[in-house]
Structure formats: structure tokens, C-alpha cells
Amino acid sequence: MKNKLFALVDANNFYASCERVFNAAVRTKPVVVLSNNDSCVVARSNDIKKYVRMGQPVFEIQDVIREFDVQVFSSNYSLYATLSARFKAVLAEFCARQEIYSIDESFLEMTDMLIEDLTEYGRALKVRVLQDTGLPVSVCFAATKCLTKIGMEIVKHDPSYGGVLDLTGLAEQEQDALLALVAIEDVWGIGHRYASFLRNYGIETAKQLKYADETWIRKYLTVTGERIVLELRGTACMPLELERPPKQGIMSSKTFGREIKTQSEMEEALANYAARAGEKLRQQDSLASCLTIFIRTNSFKTDIPQYAGSYTINLPYPTAFTPDLVRAALYGLKQIYQEGYSYYKAGVSLTKITPQSALQIDLFGEFALTQQYKKARLMLVVDAINRIYGHDTLFFAIQGITRNWRMRQFKLSQRFTTQWSELLTI
Amino acid sequence: MIDPVFRNVRFLPGTVNAGFPSPASDYEERELDINDLVMPHPTSSYFMRVSGDSMTGACIYHDDIIVIDRAITAAHNRIVVARIGEEFTLKRLQLMKGRKIFLKAENPKYLAMEVTGRDDFEVWGVVTWVLHRQLRRI
């Protein structure tokens, strides 16, 4: 069987790099980007990685921010999404078979492409992405997706590769020497618990897993584990996933910008989360039959009274109609809301999701086909208007107008690529 | 079941002619789209807004919108968005004898600036179009 060939292309420090594209002042300064609500660090430029941990709460790094003049940003997802789309579009010009794995990574399958010098090819790809989008990327070629992931860890931490590593060009021994550098928990697909299980058997590096004893493997490893071993040995078991199956659960939940203490504000918040979840549901052409809400106080603040509640509602028929979802969420809230607490977080999740096309018609239920048509049509218009004129141009009154409880985003940069009113001025 | 007709619905003006088929139906083409003209490279083109009067000699005025293409080579006499230190600037790039590089304003009020050898200088992209509004309110 012919060996397969994959490439993984990964944008370096993606969110931080995006902030640098349109901001000359931060080009030479350290950058960190904060999570929703400005609470934790979710991206760091290389020059500050030594001093700031991923996920570190922002209050812990105030001294570092002052000392190194670190530039702090809230997550500007409108900007990141468009730069990501441009990055993926450039990759599509290089290779027709692309799996968009996340906002900042794609797998390419190049098995049938005739490329003489992969390292050269990787460099050309890197230059093109940088030229078009301003984003630095790293590239790794290997015979399996799992190996490209491992190579990526190496190429990102060792600047001597210049951002491109071709594992297929290395002899088996050279590959093994690199695999010996990778800790078992850093192998793609091996979770924390699985890693400690393997460590108990003395398997601490990717290389040791690759050469684990056959009978031991068959006896102790799961199917997933066996597949990882095969991938480490160069046999591709994980094909490119060109189309993601629709999600089986949809969640919309956020921490509030400030604590919520009244039921009417909580109604607003939950109505917003229900509306957002409905939007996601319609985007993938699905319907949901079950809705769960939850509300809770901040469990880290041990000095205040604690409460957490959740409630699940089976919807009378599968739906993606926002008012149906909002009504269910508010009904649920009425069942569990308790006065006298300071709420910190809430959410809505949708489950029992079916594709719209598979809807079963329930002749005797509350469901009427013409009614469903009307609802779908209304949401189609609402979604279209919001897509064209911007998020929340049209919304339901129950969602509230001021929404003071909304998450904090004090350090948001401009939406340079999606709003005429926020273009970069020069 | 939701009819597939509800996906990607477009609302067309006018009425549907139920009688004779249109003689033009075999010749339908897409309407002109200004994006095709000003952004032939959609992955590398960006919009910015102009502020100030330093480029009026090149017919680029305050509040105009410019299109910048990062995929185009910054050659002599091209108008570029460049970074100098912590700022972006819009100027004409001049590559002179002896490998000297200047950024020239198109307005006698401003002096040309030499950037030869500066390591905090880079060209961000090349200006390909200027969109200038004629009517303030439409």
C-alpha cells in the first residue's frame, strides 16, 4: 500500500498574531488576548510565553503587564474569523483536500500530489499565507495526521526549523529521536487520564508508545489507543474529515459581566442564550427536541450563599423557532429561580437534535405543517437580516436592550474587516 | 419537513411570468459586482480609511476609502501603506539610486522621508483603488 501524505498548517499564536496585523504599535510589543469576559489569557505572543501561562487569570499578571508593557486585548472574534477564512482560502489554493480542524489549524491531504521538495513547498505556503493575511504559520508534513501533530510541537518550539518540518524526509532513526522528545500527554488523542495510565506501564514518550509490545497493546489498549500506535508507526488510520457531522448538542452559556440579582435580568440573559442557541441550530439545518437551562452563583466566592439549579424541558415537537425556545427557557427558569442570590453564570443547551429533513410528522400532536413553514420562514428572514446588517439588528424584545449584565470586553480592538465604521484609519 | 426551497432563498423583485418562457433565459449572466473589479485577490485585499491631506496630489483625499492588496510587489512609485515604528502611513514609495528608499507625500506641505536601512520600516501593502464619495448623502 502506498504511504499517505498529510500536512498540518497551524497559525502561530493565532489571536495574538491577528491583533498585530492591523496594529503597528503592538508589532514589536508583547501581546496577550483574554477569554470571554476578560478573565483569563487565551493567547500569548512568543516573547511573553515565559512569563504568562495559558489560561492564567488576568489579575495574576498585572505586574508582568506593567514590567514588559504587555498589550492586552479582549477576544475580537469578528476579526479572527475573517482572517481565519482568508488563511484557509489560501490553503485551498495549494491543496484541494483540506480538513478545517479549528480556527487556526488545517490538515491537508497531499497523497496524490506530485511534489518534489516538500520543505520548499511548505516554505512557499508559509510565505503566501504571511503575504496575504499577515499571519505567521508553521507547517509539518508526515505520513499520518497524528505524526503531523507531533511534528508541529517540535517545529513550534525549535526556531531552527524556520517553521517547516518534513518528517517524511527523515530516516526512521531520526524520526524516533524526535518522538523521544515528545511527552506521552502531548501525543494527539491521548488524554490526561490515559497518559497517567500509560505512565504506570513505563510509557512516557511518543517513541516508547510507538515501540510498545504487541501483546501488551492488544491486551491493554482501547481501539483508539491502538490506532494511535499505528499512526505513530506511519500507518494512516485517521482519514481527512472533510465534512463535520452536525453537532449533537448545542450550548450557549457565558459568565456575566457583573452578577445578576433579579429575575427579570435573568430572563433577559436566558432569552439571549436561547436565541443564540437557536441561531446555531438553524445554521446547521437542525431541530431540537430537548432544552436544558442552568443558573449558578460563583462557587469560587465561598463567602456568599451558593445556589445552582438546572431544569430540562422536553419540547412538544422538534423546533428551531426562537420564540419556542425562549418560552421553554423562561418556563424552566420559573421552576428553579431563587431570590436572594447573586448569579454569576447561566446557559441554555439543546439536545436530541435531528436534521430538519428527517422531521417526523406527528398527526395528532401539537404540530401542524403549515404552522412550521411559517415559523421557519420568519426565522429565515430574521437570520438573513442579522447576517447582512450585523448581529442583533433584529431581536426579540424579551432579550432586552441595554443588557448591562453582558460580558466585559473593555479591550476590544476594531472590527477592521467586517464593519465600514471601524476600518483602520491612516 | 421543511422544503429545500426555504434554503438560500432570494427575494426577487417583479412578478413571475407564467406564460411564455423568457427568450433571454439561455443568456443569463451574473450582475456586475464591484468586488470583482477592486478585489481580484480576495484573500490579500483589505479596506482602510484615509485621514489627512498628505496624498491629495495623487487624488487621495481625507475620508476616502482605499483598497490595499498585500499580494502586489511594492515597486518604485507605487502608493503603499507602510509601517514605520509604531505607525502606519500612506505614501508614495520611491526606490532611488544607491538603494536609497524614500516615502514621499503628494503634497508640497510635507517633506519626503528617507527610510533606507531602518529595521522598523516595512511595506504593509500596495494601494490599488481609491473610493471617493461624490455625494455626501444618498
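Student: Which residues of H4(A) are buried?
Tutor: In this predicted model, the helix H4 of chain A comprises residues 118-133. Its buried residues are A:Leu118, A:Tyr121, A:Gly122, A:Leu125, A:Val129, A:Asp132 and A:Thr133.

Student: Where do these buried residues lie around the axis of H4(A)?
Tutor: The buried residues of H4(A), among them A:Leu118 and A:Val129, cover an arc of only 105 degrees around the axis. This arc puts them on the same side of H4(A).

Student: How far apart are the end C-alpha atoms of helix H4 of chain A?
Tutor: Helix H4 has 16 residues, and at 1.5 Å a residue it should span 22 Å. The distance between its end C-alpha atoms agrees with this expectation: 22 Å.

Student: Which residue has a side-chain oxygen that reaches a backbone nitrogen at the start of H4(A)?
Tutor: The backbone nitrogen in question belongs to A:Thr119. The side-chain oxygen that comes to within 3.1 Å of this nitrogen is that of A:Asp117.

Student: Is A:Thr297 buried or exposed?
Tutor: A:Thr297 lies in strand S10 of chain A. Its relative accessibility is 2%, and the cut-off for a buried residue is under 20%. A:Thr297 therefore counts as buried.

Student: Which side chain is joined to that of A:Thr297 by a polar contact?
Tutor: A:Thr297 is in contact with several residues beyond its neighbours within four places in sequence, including A:Pro305, A:Gln306 and A:Tyr341. The polar contact between side chains is 2.9 Å, and the partner is A:Gln306.

Student: How many disulfides are found over all chains?
Tutor: A search of the whole structure gives the total as zero. A:Cys237, for example, is in no disulfide, and its nearest cysteine sulfur, that of A:Cys146, is 9.4 Å away. The number of disulfides over all chains is zero.

Methods:
Residues numbered from 1 in each chain as written. Chains lettered and ligands numbered in written order. Predicted model: local features only at pLDDT ≥ 70, side-chain atom pairs only at ≥ 80, totals over all residues. Heavy atoms only, no water. Helix = DSSP H or I, 4+ residues; strand = E, 2+ residues; numbered from the N terminus. Expected span 1.5 Å × (residues − 1). Buried < 20%, exposed > 50% of the residue type's maximum accessible area, 1.4 Å probe, protein only. Arc of directions from axis to C-beta. Polar contact = N/O pair within 3.5 Å; in protein donor to acceptor, adjacent residues only side chain to side chain. Contact = heavy atoms within 4.5 Å. Disulfide = S-S within 2.5 Å.
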